[in-house]
Amino acid sequence: MTSRLWPRYFLVVYVLTGTMATGEPAGCKIRITDRGLDMLKWETQKFVEEELSNISMPEMSGKEGNFQYTINDVKIKELNLTYANLSFLPEAGVMFDVQNSSITLSFHRRLLYWFLYDTGRIEASADGVRINTALGLGRDALGRLRINNVTCEAKIQKMKAKFTGTLGRVYDFLGRFLTTGMRFLLNKQICPALQHASLVHINSMLESIPVRTEVDSYIGIDYSLTDDPLVTSRSLDMNFRGMFFELRDENDTLVNYAAEPVIREYDRMVYLALSEFFFDSGLFSYYKAEIFQMNITNDNMSKDLEMLLRTTYFGTVMMLNPALMDSPVSLELAVNAPPKSTIKTSGATVAMTALVKVMLMPAGQAPVLLSSMTMETKFNAKVFIRGKRLAVQADLRRFKIYSNQSALESLALIPLQAPLKTMLQMSVVPLINNWTKRGVRIPLADGIDLVEDVVEYHNGFIVIGANLHFSKGLREMVAAAAK
């Protein structure tokens, strides 16, 4: 290889390795902080208690010398998880840890000792219960968050039983023998119950969260994870594609060249970060779906605007055909390029350019074009959260029209500026808000809403901090997902 080719070689290697090392940029990011995990801890604890309460124990029977026994109908009556903690497990997932807790249970006994036969209930308590469960988080083939694996360790330090019935005191000395077997069986049942609950029930709930779904009859959104979740000691960070697409052609999408959003805060329970690409892909998809078009006829036009249009184009009509003077007037608006969002520390705006045609609509004849002009508009965009939906409200900030035919006609259009701006505010802006205020769902499970949201604007992206509100318990959420 000659010396002149070396620089080119290293340049190609640098570009290729840089491309391979850089993953797909995220249009949407979500951070769950340790404060959010504290809120989830109580729901997790209740869920674990319910799962352990449903443990089924096999019948235990045997013979020891002259002593024969059968134990069945085991029921867990009470769980006292005095110390339970839910924490992040860096580079892995989440850990649920239970220490120094107790379980109270009862079971039916049938005992035969020599010629003495007895039956009744046994009350038993397990103390020093320790359960350590680690949930490994990842993503599936569709880009959905899931629990990949469960590591569990359970141990009961001691167990004691209290006999009731006619010969209860006689058999008290046999309690240690029976409870040793029960402790062994209970130890073996706890972890399988929690593993099944995590890998089956919790994953079924995660599968119910929309990943690629329809927003309305025109567009959909892709919330697939672009890489595995990042877990630190303080947070769980998830990077989503955050891309809208038109339903008629899902593969024709916008390329993400926007700055990637950055979340630096930990004070709130959850943070949602959205880049300009998130909004631009939505605007691009709606543009492709051709919803940014409308006709304003005489019936929907103010009399003042109609009279102003007739006065402005009186000479044009007289030159074309005086017989058309009483024909209805129509305005046709069509956005001629995908709108573009801009996010700065001062707020978010959307720029939109449209072609406006002034038409006469003579009965039984083809429409007659009187004028064609370009309209440039800029809207303020206010982003807010409603439950688990992200919504935007637009307000007209700047408006300008000019002729596509001559500078002289542009001067003649000056009197139309104010009436057309009023028409936009009364007709077009409500049309836009009709779509944007409906909002798009945030990838959260049913039963979890965001409250007390605070929106911060940065250069190129938006960060929304909020707290979590559970309208359903974890058990209800799992049950709803199963349906």
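I note here that the model is a predicted one.

**Entry 1**

I looked up what the bridge connects. Cys 152 belongs to strand S7 (residues 145-163), and Cys 191 to helix H3 (residues 175-207). I counted disulfides in the structure and found 1. Are Cys 152 and Cys 191 buried or exposed? Both are buried.

I also checked Cys 28. Its relative accessibility is 0%, so I wrote it down as buried.

**Entry 2: the sheet**

Next I turned to a sheet. In which order do its 3 strands run? I read S8-S9-S12, an open sheet with antiparallel pairing. Strand S8 (212-214) and S12 are the edge strands, and each pairs on one side only. On average, neighbouring strands of this sheet are turned by 25 degrees against each other, direction ignored.

I reminded myself that strands of a sheet pair through backbone hydrogen bonds, either parallel or antiparallel.

Then I took one pair by itself. Strand S9 (residues 219-222) pairs with S12 over 4 bridges, in the antiparallel sense. I looked for the partner of Gly 220 and found Phe 245, in S12.

What lies across S9 and S12? I found helix H4 (residues 276-288) there. Helix H4 runs at about 5 degrees to S12.

**Entry 3: Glu 246**

I stayed with S12 and picked Glu 246. This residue is found in that strand, which covers residues 243-246. Is Glu 246 buried or exposed? The relative accessible area of Glu 246 is 4%; the cut-off for buried is under 20%, so Glu 246 is buried.

I then listed what Glu 246 touches, leaving out residues up to four places away in sequence. The list holds Tyr 218, Ile 219, Ser 285, Lys 288 and Ala 289. Ile 219 is in the range of S9, residues 219-222.

Which side chain makes a polar contact with that of Glu 246? I found Arg 248, with the contact at 2.4 Å.

Definitions and conventions:
Residues numbered from 1 in each chain as written. Predicted model: local features only at pLDDT ≥ 70, side-chain atom pairs only at ≥ 80, totals over all residues. Heavy atoms only, no water. Helix = DSSP H or I, 4+ residues; strand = E, 2+ residues; numbered from the N terminus. Buried < 20%, exposed > 50% of the residue type's maximum accessible area, 1.4 Å probe, protein only. Polar contact = N/O pair within 3.5 Å; in protein donor to acceptor, adjacent residues only side chain to side chain. Contact = heavy atoms within 4.5 Å. Pairing = 2+ DSSP bridges. Axes fitted to C-alpha atoms, helices over the stretch in contact; angles between N-to-C directions. Disulfide = S-S within 2.5 Å.
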